[in-house]
Amino acid sequence: MLDYFDLEASLSQSEQLLVESAREFVEGEVDDIGQHWIDGTFPRDLIPKMGEMGFYAPNLEGYGSANVSETAYGLLMQELEACDSGLRSMASVQGALVMYPIHAYGSDEQKDEWLPKLGTGEAVGCFGLTEPEHGSNPSAMETTAERNGDEYVLNGSKTWITNSPIADIAVVWAKDTSEDDNPVRGFLVETDRDGVTTNKIEEKLSLRASITGEISLQNVHIPKENLLPGVSGMKGPLSCLTQARYGIAWGAVGAARDCFETARDYATDREQFGKPIGGFQMQQQKLAEMATQITLAQLLAHRLAELKEEGRMRPQHVSMAKRNNVRMARDQSRVAREMLGGNGITADYSPMRHMANMETVYTYEGTHDIHTLILGEDLTGIQAYQ
Ligand SMILES: Cc1cc2nc3c(=O)[nH]c(=O)nc-3n(C[C@H](O)[C@H](O)[C@H](O)COP(=O)(O)OP(=O)(O)OC[C@H]3O[C@@H](n4cnc5c(N)ncnc54)[C@H](O)[C@@H]3O)c2cc1C
């Protein structure tokens, strides 16, 4: 595995163990991810197995979590995404977008009810922020929650929601119309409630080994106890996104690394003009550039983990790492694909699958452009969104 600057040498024993177990899991338990990608299915038998392995939010404290370091958590995301972005998305959504807000902002009852079940994979969660008319600017959301006695009544629609068709619980972000200024609040919505429907989005050409859907909410009554009490305003969803983006900054490196390993193996094996194509300078240049870019992204991810551990990581740090590392993986997966010639366009090899997945990863959790604007504002003090 490409680790050119020997970063894994400085891992603690427990961090090394987690990486090894994640690698073994991906090799031993994930059966033909390429076929799932073609079929547009997620290997659902893996959901409880990933829970058993402790892959959902292992960096949180309590509730059965292993409370691993931020580096170990990042490395886990890297190993899962080296297999497929769909696998990492499963862990990211369940851990960073569903368990994290319950852990950070939920009542004790909500934590006791949901964290153990989500941690083992007995229950599946999803995160409903994006709406058909409001993607990059979620603060303009139209979904509402109206207080009515001991209940809230929710109306609206969410789209592009990872796992919504298979979720038991949705963290839904909605404007609370019963409070002044209609602040955005988080609500736990069981998907079997009357008025909730979750259609699957079919025929995606990216992130195919992941289930994506909508959430329609029509006069959905939920008890007032389902409100996440600990947060009000856009800070709620944005803080969850920071957690998930952190994992993506690491995960994308895994996808790129797998592309590199596949291209290097291919180049040393495939012969043209009487010698392996890896013996030609042009192919070596591609490998050298790929290895350099992956190494730079690894260094950025490791430093990001240190800042997170020290409590000094800012959302803008995460934006830079997500933006850079995903762009790197998107670019390098295409180079790897190219090195495989015609074989590179088949699902027998991973680069084109990763390359297509990267179009989603480049877009979700803040598009590349939006992270550019976040950095631009941080660097100049002038916001350029509008
Ligand atoms: C497979 C998949 C899974 C997803 N999972 C989830 C999920 O689980 N939960 C969830 O809530 N969401 C999810 N999303 C939604 C995702 O976060 C949004 O697609 C993303 O935020 C972009 O929103 P949009 O698609 O509406 O694009 P838009 O916001 O309409 O953007 C379109 C284009 O305009 C650009 N743009 C927008 N505003 C500006 C600006 N001010 N300046 C310059 N350029 C701009 C964007 O960069 C983009 O290129 C998922 C998306 C996909 C594809």
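This is a short tour of a predicted model, stop by stop. Residues are numbered from 1 along each chain as its sequence is written. In this predicted model, local features need pLDDT of at least 70 and side-chain atom pairs count only at pLDDT 80 or more, while totals for chains, interfaces and linings use all residues.

**Stop 1**

Helices (H or I, at least four residues) and strands (E, at least two) are DSSP runs, numbered from the N terminus.

**Stop 2: two annotated spans**

Select residues 126-220, which an unreviewed UniProt entry lists as "domain: Acyl-CoA oxidase/dehydrogenase middle". This span is 0% helix and 48% strand, and its end C-alpha atoms lie 17 Å apart. Then select residues 233-378, listed by UniProt (unreviewed entry) as "domain: Acyl-CoA dehydrogenase/oxidase C-terminal". Here the make-up is 77% helix and 3% strand, with the end C-alpha atoms 21 Å apart. UniProt positions are given in the numbering used here, feature names are shortened, and annotations may be inferred rather than shown by experiment.

**Stop 3: helix α10**

Go to α10, where 10 of the 13 residues are buried, so the helix is largely enclosed by the rest of the structure. Buried means 20 or more other C-beta atoms within 10 Å of the residue's own, exposed means 12 or fewer, and partly exposed lies in between, with C-beta atoms placed from the backbone. Among the buried residues are Pro351, Arg353, His354 and Tyr362. The cover over them includes α2 (33-39), α5 (85-105), α7 (235-269), α9 (315-339) and α11, where contact means C-beta atoms, placed from the backbone, within 7 Å. Just after α10, select glutamate 365, which takes a positive phi of about 60°.

**Stop 4: two asparagines**

Most residues other than glycine have a negative phi. Asparagine 67, in the loop between α3 (46-52) and α4 (70-83), has a positive phi of about 50°. Asparagine 67 is partly exposed, with 14 other C-beta atoms within 10 Å. Finish at asparagine 219 in strand β7 (residues 212-223), where phi is also positive, at about 50°. Asparagine 219 is exposed, with 10 other C-beta atoms within 10 Å.

Conventions:
Contact = placed C-beta atoms within 7 Å.
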